[in-house]
Amino acid sequence: MVDGALAPFYLTTPIYYVNDVPHIGHAYTTLACDAIARFWRLDGRAVHFLTGTDEHGQKIQRAAALQGIDPQVFCDRVSQNFRDLAQTMNYSIDDFIRTTEPRHKTAVQAIWRKLLDAGAIYEDTYKGWYSVRDEAYFDVDELQPGPDGTRLAPTGAPVEWVEEPSFFFRLSAYGDRLLEHYDNNPDFILPRGRRNEVVSFVKGGLRDLSISRASISWGVPVPDVPGHTVYVWLDALTNYLTALGYPAIDEAQFRRWWPADLHMIGKDIIRFHAVYWPAFLMAAELPIPKRVFAHGWWTNEGQKISKSLGNVIDPTQLVATYGLDQTRYFLLREVPFGQDGDFSHRAMVARINSDLANDLGNLAQRTLSQIARNCAGKVPQPGPLSAADEALLDSVDTLLDELRTAFEGQEIHLALTRLWAMIGDTNGYIAREAPWSLKKTDPARMATVLWVTAEAIRQFAILVQPVMPGAGAALLDQLGQGPESRTFDSLGVKGRLAADTPLPPPQGVFPRFVEEA
Ligand code: ME8
């Protein structure tokens, strides 16, 4: 075993605001993390996979007030939707954190005290622009003109003038250290384009950051200072530590998971994760996470997704229409991970019918039904392998290494592309070898070809599990592979299909999507 292959892996999603119901964008980030978590678990690594909800701040306080509900009751209700989504999407999360939990308040107050003790906090007055939708401060030169003489944040959100006493974090003192960190850790921020954006933002000079609000009561109280709550982003980012038991940490346990291996986020919140968060951690003398990966933005049939346009895609609806594994596959295959992507019904149906029903589904169904018919429903006994047989299996046996490389760089689409190229090669192999025409002329050769093909399918089934856990398991059931034969340990020669294993009657795993008339 390669040293380090068993290193524990801690990965996190953003914690989602509870002002809104979950949509495809939220589902996507957690789905990508789920595929990564499942991949490394199958590879033998201990994984801690964290998601949750961000429940404090002005935006949530207002959303609750608008509905005339107590903010906690409001948070309880909406947070549950995100938990339900985890079930619907079959996410293998290890923990679901809510920032209104007592464990989190303790962690936020502890990190505040750390920053204070480090001399990184001072008291002053905040005078400037604030966007409640982004929960972010903006300099006047970042704003753009809005309707009727108003101003808008770069995200298009309205801004409000805020003037109140506030505590500040000495962010300006961390610019050089941050740049040094980006230099020494070229893969800290991925994809590369995002990294360049962050570097030029920091090179432009950092201003100290207001980290408390005097006018907002819905938040974690600043320790020992009545009337101030902690700025919602300092509160929210700390969740990644809370989940490890911070500050009451068992040192060994904490070091096992921290620094986090991967903070997965959308590109909208990169500044918070790649600038503010490492600066807070530097001040608190805690190690910096190994990677922040900022993926791209989904649009719907070419349009920005927004409530006002009424085109929000409900992931639960997608699953109901297309199927769970079909939805998971589409989202992770359609768009190079990191780039923006467009959802369209046409593209979804094309993927389902071509990649799933035709390429993998037909391959499995053809092979397994020939085995059922012509080999008495048992794994056939292979004879001597031809050069073509050996070549196919050799390529299949190297897939794991290639997929590991892809997953190490969060290139989930590349893992799937590679896997499907190999599925294509296997379809080519079976078409050339034509076992159906060997039945009468050379049954021994037919058995070998079917065995080789079934063995390739076995490995594909193991390897698709991170993205399509249900379909992978269904294929493995049909190949007579029990739970002990489903991890990456069973890939390659070690797990070769044993002749004479009785197989259940084959059943299609990927039906075609047929448009209703
Ligand atoms: O920002 N396409 O929460 P949030 C792709 N609470 N991803 C999308 C998306 C889209 N159209 N829309 C949303 C917050 N996302 C803070 C985070 S973390 C300490 C605090 C995803 O509910 C994407 O991951 O606004 C984005 O970063 C996240 O949802 C924003 O979720």
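**Entry 1: the model.** I noted at the start that this is a predicted model.

**Entry 2: the ligand shell.** I looked up which residues surround the ligand. I found 23 of them, and the closest are Ile15, Tyr17, Thr29, Asp54 and Asp268. I then sorted the shell by residue class: twelve are nonpolar, nine polar and two charged.

**Entry 3: polar atoms at the ligand.** I checked distances from oxygen atoms of the ligand. One such oxygen is 2.6 Å from an N or O atom in the side chain of Thr29. For Asp268, a polar side-chain atom lies 2.7 Å from an oxygen atom of the ligand. Gly266 takes part through its backbone, where a polar atom is 3.0 Å from a ligand oxygen. I then asked how much of the ligand the protein covers. On its own the ligand has 680 Å² of accessible area, and the protein covers 94% of that.

Entry 4: I traced an open sheet of four strands in the order 5-4-8-10, with antiparallel pairing. Which strands stand at its edges? They are strand 5 (136–138) and strand 10 (209–210); each has a single partner strand, so one side of each is left without a neighbour in the sheet.

I went through the pairs in order. Strand 4 (residues 121–131) pairs with strand 5 over three antiparallel bridges, and Tyr130 has Tyr137 of strand 5 as its bridge partner. Strand 4 is joined to strand 8 by ten bridges, again antiparallel. Here Lys127 stands opposite Glu163 in strand 8. Strand 8 and strand 10 run antiparallel and are joined by two bridges, with Phe168 opposite Ser210 of strand 10.

Entry 5: I found an open sheet of three strands in the order 16-15-17, and its pairing is mixed. At the edges are strand 16 (303–304) and strand 17 (341–343), each of which pairs on one side only. Strand 15 (residues 298–300) pairs with strand 16 in the antiparallel sense over two bridges. Thr299 has Lys304, in strand 16, as its bridge partner.

**Entry 6: backbone details.** I looked for peptide bonds and phi values that stand out. Most residues other than glycine have a negative phi, and most peptide bonds are trans.

I noted a cis peptide bond from Leu190 to Pro191, with omega near -10 degrees. Pro191 lies in the loop between strand 9 (189–190) and helix 6 (192–203). The bond from Tyr246 to Pro247 is also cis, with omega near 5 degrees. Where is Pro247 found? I placed Pro247 in the loop between helix 8 and helix 9 (251–257).

I ended with Glu301, a residue other than glycine whose phi is positive, near 45 degrees. Glu301 is in the loop between strand 15 and strand 16, the two strands that I had noted as an antiparallel pair.

How values were computed
Residues numbered from 1 in each chain as written. Predicted model: local features only at pLDDT ≥ 70, side-chain atom pairs only at ≥ 80, totals over all residues. Heavy atoms only, no water. Near = heavy atom within 4 Å. Polar contact = N/O pair within 3.5 Å; in protein donor to acceptor, adjacent residues only side chain to side chain. Areas by Shrake-Rupley, 256 points an atom, 1.4 Å probe, with all protein chains shown as cover. Nonpolar A, V, L, I, M, F, W, Y, C, P; charged D, E, K, R; others polar. Pairing = 2+ DSSP bridges.
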